[in-house]
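Subject: Model for you to look at

Hello,

Here is the structure I said I would pass on. My notes on it follow below.

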Amino acid sequence: MVEKKSTPTVQANLSERQHTDILSSKNTTKKSQKKSSKFTTPVKSKHHYVPVRFGSSLPASAHVVDLSTQKNREPSLESIQSFREKISTIVGRETIDFAATIRASKIVTANNKKEVVIPQISAVSLPQKKVRSSFRVPTLKLPSFHISFPALRLPTRSSRRAMPIVFAVALLALLPIPVFTTYQNIREDSQTVIYASTGAFVSLQESTTAALQADTETAQRTLQDALSQFATVEQFVEKDHRVLTNILSNIPILGDHITSRRAILSAGQQIALANTYVIKGLDDAEHAEDIPMTERLAIITNHLQQALPQYREAQRSLVSVNPSVLPADQQKLYKEFLLLYSALVDDLGDMTDLSRVVYDVFGGSDFRRLLVLFQNNNEIRPTGGFIGSFAMVDTQKGEIKNITIPGGGSYDIQGQLDVYLVPPIPLQLVNGRWEFQDVNWFFDFPTTARKAEQFVESAEGTTFDGTIAVNASVIERLLRVIGPVKASEYNMLLDADTVLPTLQSYVEDGHAEDEAPKEILTAVLDQMLNAMQDIKPQQLLALLGELHEALSQKEIQVSLKEPASQARLTSFGWTGSVVKTSPRQDYLAVVATNVQGEKSDARIVQDIEQIAEVQEDGSVVEKVLVRRTHTGDPSEVHYGASNITYTRIYVPEGSVLLDAGGFTYPPEEAFHVPEEWYTKDPDLARIEHEVGIHRNTGTRITNEFGKTSFGNWMIVPAGESQEVWVTYRLPFSVVDTKQSQQHPLSSFLSHGPDAVSRYSLFIQKQSGVESSFRFDIRYPASWIPKWKSDDAIDFTSLGATIQTDLSTDRVYGVAFETQT
């Protein structure tokens, strides 16, 4: 709906600059009237205004006819002959608004011929330039002109749309031959500019990469190279072709070459400026003395925040470039570069946010005690892996004040607990009592974090301000930043490529017969965490990059008790929380819990397939298939064991299970029965609400975290593969006739009465698990696809499909026009 605004409202919405221009115009006019009663000096602005003054008597002027002979007759405007003062041509730079000129043109009739009258355009002169041809381009003056089209019909709506093109063709027809030669040279020069700019961009790419790797020397050198090349190109374009390119850029058939060229130059200059901020921040952080890691990080972050607007402005310029004006061999490369650059800009924005989170985690000015859980994803659990070790970390003012890592790992808590809790039923396969090492039963990490804190607080008599879960893969990331770590006590040199296999083989090959395996891991972790306190400023950006990727892929999950910090973490998706979806949004999460399957998850390949069948009435029936393939050898110690997992499939709350199959239940006698006097955990009873048991398959149905869960067992021996599946009906329809006309996608529809069918899926990744994912949605033949959220989605004759890897959480959406 278009809102009508009165004139005062429009004036109130003038920009500050427009308001200043108007006041300046009024003041200038008043001053000029005081100086002379004969002349009024027009104010220079984007449009030319001719001031007209009315009155009963006029001052004497050399340009006014003497009417003294007609004293008895009051002079009228019709009787006064007007004269135009000759204005000399002023050579200068001026942008001509052809669009405004076309709008101001009008059609007049003379001698039975219709003519288009174009308002006068000021003459413009161009500086001389040496060109490749054998003559010099003369100084050009574009005179006023009058174009006559005999027997021209009054314009219709379609002809009015074509008038700018007609005008452009007519203008080209009137230009002298040297102008065409100049235009050809400009097109040839465009190629020269493109290739020269390419060299500058190569230098910029090296500068940006070096800056993000904290190589300030290389970053500064390549930045100077880029600036020098861009300066040369700008001199070539702006000094030699500025006026004519301003004219030609307004002509549709020529404008793309010129505007794209300017956009590339502008983007290069913006990136160069942004790199300057980054390099300055790194240099300041490096030379700051006696400050903790978080303070150095704050210095870099402040400069990143200054650089981001420049990077984003460059991104807008690059998006505006028409790739077709580039050489054919560079068009694909340019599109790929644009995608990578856009991702880089997004990542830099996230890195600035991450630095604030790091500041929150490490305490800022406050003292904080954090519980850190080390998870082994070779033995998968709902939040990422089996908890083999943990640490209690004290931080304040950005520094780690103390680290306590129990030598016996998570098992040290067993003898200190004075509460005996009944574990969740699937965990009774391993133990009749709920122990700390099995505490990460809940898929929602904040819930697991609070439960883990309860266990340790009960055993150690201390409290925590938050909990961090760290998967084993993060050790590799840290070593990529800080370099190899030598564990002298165990004669081991650990680097990013070999740390996990080295530690695993050391423990499993009997090198540590006199020591508990957890003690070796504890010693190595302690040494690495201490090395982090001495990290060099040049390594901070690399550290931020690794931490950002680890958080995005849920290798690190953080849950803090302080509400503001937790809210920031949640907004970035770094808390491991079960996502709250909208009432009409689909949801899927496949969560495996390894129980008595040893380290076999290191040899598991998981594939997930989902098929959504949309019915004519808009209801949706879905089938989810989970395939787990064991690539290990049965003779392998730990890794060759059968993979035994309790698998839960989370879907929208209220979904109705229709059928299921492929599950394998462990033998009843393998389960441990809790003692009768054990206490039922109140949190477990509060969170898991049992809906029922599927009669044919024994699939357990629960409601938890705002979702419905279908849970059952999978057992996959080494060298084999197993598939399980569930079929269910969603609790909502994808057709929404009432709100379709209000939805933004309604603009795509061809008929008002038709409804918009919208389907959106949020699929959440389990920490520590890499899965392939294929999704198919099938809809009635009468439905017309209108929109998709991702280019990777392919529309088919009767649906849409996408295939991807679940390295992070994903959101997909499609929309259809439903014929009614």
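Of the 820 residues of the protein, 46% count as buried, where buried means under 20% relative accessible area, exposed over 50% and partly exposed in between, with a 1.4 Å probe and protein chains only. This is a predicted model, in which local features need pLDDT of at least 70 and side-chain atom pairs count only at pLDDT 80 or more, while totals for chains, interfaces and linings use all residues. Residues are numbered from 1 along each chain as its sequence is written, and side-chain values use heavy atoms, with hydrogens and water left out.

The secondary structure amounts to 18 helices and 27 strands; these are DSSP runs numbered from the N terminus, helices being H or I of at least four residues and strands E of at least two. Taking contacts (heavy atoms within 4.5 Å) between residues at least 6 apart in sequence, 70% join residues at least 24 apart.

Aromatic pairs

Rings of Phe, Tyr and Trp (its six-membered ring) pair if their centres lie within 6.5 Å; planes under 30 degrees apart count as stacked, over 60 as edge-to-face and the rest as tilted. The count by this rule is 22 aromatic pairs. In one of them, W434 and F455, the ring centres are 6.2 Å apart and the planes stand at 70 degrees, so the pair is edge-to-face. W434 belongs to the loop between β6 (421-422) and α11 (445-460), whereas F455 is in helix α11, so the pair ties together parts that are 21 residues apart in sequence. Both W434 and F455 are buried. Ring pairs also link F390, W434, F436, F442, F455 and F705 into a cluster.

T447 is in helix α11 and is buried, with a relative accessible area of 19%. Apart from its neighbours within four places in sequence, T447 is in contact with F442, I687 and F705.

Charges over rings

A charge sits over a ring if NZ of Lys or CZ of Arg is within 6 Å of the ring centre and within 35 degrees of the ring normal. K623 lies over the face of W725, 5.0 Å from the ring centre. The charged end of K707 sits over the ring of Y587, at 4.6 Å from its centre.

A helix pair

Two packed helices are described by the angle between their axes and the distance between the axes. For helix α10 (residues 328-361) and helix α16 (residues 563-572), the axes come within 10 Å and cross at roughly 145 degrees. Axes here are lines fitted to C-alpha atoms, for helices over the stretch in contact, and angles run from 0 to 180 degrees between N-to-C directions. The crossing of α10 and α16 is left-handed, that is, the near helix is turned anticlockwise from the far one by less than a right angle (clockwise would be right-handed). D353, V357 and D360 of α10 make the contact with S565, R568, L569 and F572 of α16. The residues of this contact divide into three nonpolar, one polar and three charged; Ala, Val, Leu, Ile, Met, Phe, Trp, Tyr, Cys and Pro count as nonpolar, Asp, Glu, Lys and Arg as charged, and the others, Gly among them, as polar.

A564 is also found in helix α16 and counts as partly exposed at 39% relative accessibility.

Backbone

Most residues other than glycine have a negative phi. K554, which is not a glycine, has a positive phi of about 65 degrees. K554 lies in the loop between α15 (540-552) and β10 (556-560) and is buried, at 5% relative accessible area. E598, also a residue other than glycine, has a positive phi near 50 degrees. The place of E598 is the loop between β11 (586-594) and β12 (604-614), and at 36% relative accessibility E598 is partly exposed.

Two further sites

F816 is in strand β27 (residues 810-818) and is buried at 2% relative accessibility. Its C-alpha atom is separated by 7.0 Å from that of W787, 29 residues away along the chain. T209, in helix α5 (residues 177-212), is partly exposed at 38% relative accessibility. The C-alpha atoms of T209 and N275, 66 residues apart along the chain, are separated by 9.9 Å.

Regards
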